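Subject: Structure handover

Hello,

Here is the structure I promised you. Please open it beside this email and follow along.

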Amino acid sequence: MSRVQLALNVDDLDQAITFYSTLFKTEPAKRKPGYANFAIAEPPLKLVLIENPGHGGSLNHLGVEVESSGQVHSEIARLSSAGMFTEEQIATTCCFATQDKVWVTAPDAERWEVYTVLSDSETFGTAPVLASGQVATDEQAMAVCCGPAVEGACCGSTAKAEAVASTQSCC
């Protein structure tokens, strides 16, 4: 079963969890510092909440969760054949999970991912090295993994570390 993912920035994670638990009559499937996700059966939705004070109420990114890596690779081929620029991330750690995914950007700059979860992770994402040479904190890695895209930046690249250093992010 595939389902749409909606990732939202929230100012106060606890407050947002209370609201969405009531709205969708379910508790989060996963909760970590600064992060929660809901696997909602009806309507089929993966709701992701990312604590990002000062940016609450805004869209972080959109996605489609699929069942297998094969489906992700099929989407990579389909989207590439259609002339869309794809940003592929295979066996990447993001949002407390190891995933295979592909990103595309809509004409109005909304970021969409098609992904499958391979396994859970205890860390939010792969911690990039900052321009200062220090390894990013989980909070900084969170901003890179699921924050707004930076022109010319690509997760997993040197630009990713520069984006963290400047408090901007990609993916």
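Buried residues make up 45% of the 171 residues in the protein chain. Buried means under 20% relative accessible area, exposed means over 50%, and partly exposed lies in between (1.4 Å probe, protein chains only). The protein chain exposes about 8,700 Å². Carbon and sulfur atoms supply 54% of that area. Accessible areas come from the Shrake-Rupley method with a 1.4 Å probe; for residues, only the protein chains shown count as cover.

This is a predicted model, so local features need pLDDT of at least 70 and side-chain atom pairs count only at pLDDT 80 or more, while totals for chains, interfaces and linings use all residues. Residues are numbered from 1 along each chain as its sequence is written, and side-chain values use heavy atoms, with hydrogens and water left out.

How confident is the predictor? pLDDT gives its confidence in each residue, from 0 to 100. The protein chain averages 78, and 73% of the residues score at least 70. Over residues 147–171, pLDDT stays under 50. For that stretch the model has 59 contacts (heavy atoms within 4.5 Å) beyond four places in sequence.

Now the fold. The protein chain has 4 helices and 8 strands. These are DSSP runs, numbered from the N terminus: helices are H or I with at least four residues, strands are E with at least two. Along the sequence the pattern reads β-α-β-β-β-β-α-β-β-β-α-α. Among contacts in the protein chain with a separation of 6 or more, 53% join residues 24 or more positions apart.

Two strands pair if DSSP finds at least two bridges between them.

- β6 (residues 87–94) and β7 (residues 97–105) pair in the antiparallel sense over 6 bridges.
- Gln89 has Lys101 in β7 as its bridge partner, and Cys94 has Ala97.
- β6 and β7 form a hairpin with 2 residues between them; Cys95 in the turn has a positive phi of about 55°.
- β7 and β8 (residues 111–120) run antiparallel, joined by 9 bridges.
- Thr98 stands opposite Ser119 in β8.
- β7 and β8 form a hairpin with 5 residues between them; Ala109 in the turn has a positive phi of about 80°.

How many residues of β7 are buried? The count is 8 of 9.

Finally, find Glu87 in β6. Glu87 is buried, with a relative accessible area of 6%. Its side chain makes a polar contact with the side chain of Arg111 (3.5 Å). A polar contact is a pair of N or O atoms within 3.5 Å; within protein, one must be able to donate a hydrogen and the other to accept it, and residues adjacent in sequence count only if both atoms are side-chain atoms.

Best wishes

Methods. pLDDT = per-residue confidence, 0-100.
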